[in-house]
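Hi there,

Here is the structure I promised to pass on to you. Have a look at it first, and then read my notes below.

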Amino acid sequence: MPDGDTHAGEAKPEAALRVGAPKVVAGGVPAVISTARHALGQMGVARSIRTLAKVNQVGGFDCPGCAWPEPADRAHIEFCENGAKAVAEEATKRRVGREFFASHSVAELGAMREHDLGKAGRITEPMWLAPGASHYAPISWEDAFRSIGEKLRALPSPDAAAFYTSGRTSNEAAFCYQLLARSFGTNNLPDCSNMCHESSGAALIETIGVGKGSVSIEDVEHAELVFIVGQNPGTNHPRMLTALENAKRNGARIVAVNPLREAGLIAFKHPQRATDLFGAGTDLADLYLQIRVNGDLALFQALGRMLVEAHDAGAKVVDEEFVAGHTEGFEAYARHMRDLDWDAVDAATGLARAEIAAAYDLLVSHEKIIVCWAMGLTQHKNSVPTIREIVNVLLARGAIGEPGAGVCPVRGHSNVQGDRTMGIYERPSAAFLDALGAEFSFSPPRAPGHDVVDTIRAMRDREVTVFLAMGGNFAAATPDTEVTEAALRACELTVHVSTKLNRSHAVTGEQALVLPCLGRTEVDVRGGRPQSVTVEDSMSAVHMSTGTLAPASEQLRSEVAIVCGIARATLGPGSPVDWEGLAADYDRVRDHISRVVPGFEGFNERARRPGGFVLPHAPRDRREFPTASGRARFSVNELAVLEVPDGHLLMQTVRSHDQYNTTIYGQDDRYRGVRGGRRVVFVNPADVASLGFADGDTVDIVGEHGGRTRVARGFRVVAYPTARGCCATYFPETNVLVPLDSTAESSNTPTSKSVVVRLERAVLR
Ligand SMILES: Nc1nc2c(c(=O)[nH]1)N[C@H]1C(S)=C(S)[C@@H](COP(=O)(O)OP(=O)(O)OC[C@H]3O[C@@H](n4cnc5c(=O)[nH]c(N)nc54)[C@H](O)[C@@H]3O)O[C@H]1N2
Ligand SMILES: Nc1nc2c(c(=O)[nH]1)N[C@H]1C(S)=C(S)[C@@H](COP(=O)(O)OP(=O)(O)OC[C@H]3O[C@@H](n4cnc5c(=O)[nH]c(N)nc54)[C@H](O)[C@@H]3O)O[C@H]1N2
Ligand SMILES: [Mo]
């Protein structure tokens with residue numbers, strides 16, 4: 001295996017790779033065709049129709065795709081092309097049984113592409129990799145639980161275990177899982193959020209007192225001005241395009257801020273509306289700012305500077321009543337803005353002053369303003385200050401806690417927000433621990449635990465030696481692939497509760513367990529009755545999800561049942577928690593939640609109402625800001641322009657249209673014109689030329705950080721409309737280049753969207 005490469009066999013240019021022109025409209029007929037191809041390929045005709053009819057319907061299951069909410073008046077078809085792919089991936093008829101494991105060694109699994117591991121099918125029974133064994137072998141559930149319990153109890157300290165969560169886990173499973181970790185004695189609860197919207201939570205808690213978004217879908221549809229910053233909804237939140245289309249019909253203007261020209265931000269043809277399919281579609285962005293990667297802090301400071309200047313000159317652009325009545329720190333902010341260095345703004349944003357002025361004109365000519373954002377903002381060193389800066393501008397305009405206005409961090413995984421609400425957090429509040437301890441009569445640990453990055457360090461340093469994962473693909477999703485994989489291999493035991501195979505099952509500790517669970521689409525019978533779970537979407541709405549399909553195998557257990565099984569085997573009969581009772585009836589789990597987590601009073605009754613209920617949010621509901629002072633806070637943030645040495649590019653890592661994080665549905669990225677391969681690097685045509693390359697060349701991508709050189713080999717250069725000085729590649733292929741020690745200030749999120757790299761002509765072997 002060459003240095004820096006982790007996936008052997010992928011280093012050569014891909015023979016089937018074809019590159020055409022990027023698209024300028026999302027949805028339309030190609031989306032219909034793609035939906036059908038993915039659904040039918042995995043589920044067949046009858047199962048496709050039966051299954052997709054239940055997605056996001058009252059009495060059906062929540063789409064396992066993204067966290068975008070359902071509108072109050074649901075359409076008969078309330079799923080998108082990529083939701084259908086997510087459902088098909090889970091509801092596939094393909095199976096990975098014991099024969100598959102007998103004929104594929106762990107080393108062979110490790111050499112397979114992520115795409116092929118996933119496409120092999122659903123895992124059907126618990127599997128164990130014994131110390132020194134080359135293959136996984138079947139194991140009974142009770143033996144699996146016992147061996148986990150024995151390993152955990154033998155640890156020198158509870159803090160030598162880590163309990164990872166990915167964001168598809170239901171509220172009920174998440175609540176039980178954090179209770180297991182804390183009953184065992186640790187707050188080591190890293191989760192995918194640490195790599196995702198952690199920066200949003202950190203910035204919002206500091207500034208408005210609540211770490212969640214403040215708008216509803218109706219707000220988006222009735223906003224006058226919507227900024228979409230660092231987000232690609234056409235691929236990652238396709239149903240958001242329907243809300244944006246409605247907003248446009250109501251007269252809204254849209255500003256897109258993105259280094260790439262993304263089809264889904266330019267125009268949309270609703271794939272489930274015949275009049276749209278054959279018409280021109282709806283234009284979305286009125287203003288498209290093709291900003292340099294990591295230029296957003298500078299952009300929002302420039303807007304702030306212009307607001308303050310106009311305010312100083314007597315223009316009515318600042319909402320003085322709101323600022324005086326509900327906020328603090330405006331004067332210090334205004335002073336800082338008056339000193340803004342415009343040269344730094346030019347260098348950081350790469351935008352023309354006229355473009356910034358156009359955004360400013362829209363900002364001051366509308367009152368109902370929403371800013372939406374996702375990973376383009378959260379995965380940089382200065383992510384938290386950048387989001388605080390957005391809050392500054394909204395506060396100055398009085399655009400929060402009013403209909404049609406506010407902050408809208410658009411979450412990723414379908415229940416990532418709910419998992420955090422349920423206590424999946426390495427730094428829980430004292431109030432949460434007090435309530436948890438009182439409910440279950442025990443003393444939860446108080447010391448903060450490890451997040452994702454610190455868990456990797458702790459495994460590397462042999463301080464954490466048992467790693468459990470409730471879903472996800474830790475080996476592939478995390479930064480610095482070589483370091484992370486070595487850290488996982490240094491463990492004594494790795495355990496994955498999963499629906500499908502992935503890279504993490506091949507990168508194991510001395511012993512490993514793969515525990516197959518029910519997915520959201522499947523019927524979950526416990527205690528003789530079908531059970532439902534709940535999820536919380538990106539806009540704090542909580543509702544039920546009930547599976548309808550027969551389970552992929554009779555041996556599957558629900559995530560709740562698996563957690564309770566591990567807990568019984570680990571904590572023994574002395575545990576004050578009735579684990580068996582919880583696993584037999586999720587209403588009991590919800591009753592506990594209703595007494596521990598604020599906002600969940602009457603949980604069982606309210607969750608059963610059609611559409612569920614919305615959690616309280618003081619800034620949104622009452623324009624109250626639960627910060628220490630009771631006021632929303634303006635902040636002062638330093639503008640430091642990221643230095644990119646000559647001959648280098650600032651690389652961001654994005655999702656293609658055919659993937660769900662590390663699950664690769666297919667090899668195409670239709671909107672960006674790429675087919676049949678993923679090892680591409682998108683570079684501005686002028687940069688391609690000035691660096692001495694041509695479109696179609698094969699290069700290695702080289703990163704240097706902290707005295708280490710990291711290389712990802714064999715990428716095709718694609719001359720592409722991205723901002724100057726930047727490039728883009730797909731994750732997880734380039735996670736090998738993301739340094740473990742490069743993280744966001746105060747949120748510790750890996751800086752997957754700003755990696756300094758250079759391109760080297762590949763030496764083809
Ligand atoms: N189909 C599908 N749906 C998904 C997912 C998936 O993989 N597939 N993943 C889910 C998850 S977990 C998440 S978190 C979300 C992710 O949703 P997104 O955040 O939309 O996902 P990314 O592909 O990371 O896209 C980041 C966008 O930000 C832009 N960008 C990058 N750097 C910068 C910058 O410095 N400034 C600005 N202004 N823009 C920048 C990129 O060009 C890109 O358009 O989607 C969720 N939904
Ligand atoms: N370079 C780079 N790295 C990134 C990002 C980036 O933009 N760039 N994005 C980051 C982000 S935003 C995120 S959220 C993380 C994602 O990190 P993870 O959440 O860890 O990764 P996923 O790929 O979403 O996990 C997929 C696996 O989950 C399992 N699974 C699917 N459904 C279920 C279920 O119902 N139950 C259980 N138990 N398991 C299930 C399957 O085995 C599947 O293989 O990656 C992060 N990594
Ligand atoms: Mo995410």
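Ligand 2 lies between domain 1 (6–23 + 644–761) and domain 3 (125–191 + 428–517 + 561–584), because both give residues to the shell around it; the domain bounds come from an automatic or database assignment. This is a predicted model, in which local features need pLDDT of at least 70 and side-chain atom pairs count only at pLDDT 80 or more, while totals for chains, interfaces and linings use all residues. Residues are numbered from 1 along each chain as its sequence is written, chains are lettered from A and ligands numbered from 1 in the order in which they are written, and side-chain values use heavy atoms, leaving out hydrogens and water.

In total, 30 residues surround ligand 2 (a heavy atom within 4 Å of it), and Tyr-164, Ser-166, Ala-477, Glu-559 and Thr-662 are the closest. A nitrogen atom of the ligand sits 2.7 Å from a polar backbone atom of Ala-477. One of its oxygen atoms is 3.0 Å from a side-chain N or O atom of Asn-661. Of the 930 Å² that ligand 2 exposes when taken alone, the protein buries 96% (Shrake-Rupley method, 1.4 Å probe).

Now for domain 1 and domain 4. Here 28 residues of domain 1 are in contact with 26 of domain 4 (heavy atoms within 4.5 Å). The rule finds two salt bridges across this interface (a side-chain nitrogen of Lys or Arg within 4 Å of a carboxyl oxygen of Asp or Glu). Arg-672 also forms a salt bridge with Glu-262, with 3.0 Å between the closest N and O atoms.

Enjoy exploring!

Note on methods:
Polar contact = N/O pair within 3.5 Å; in protein donor to acceptor, adjacent residues only side chain to side chain.
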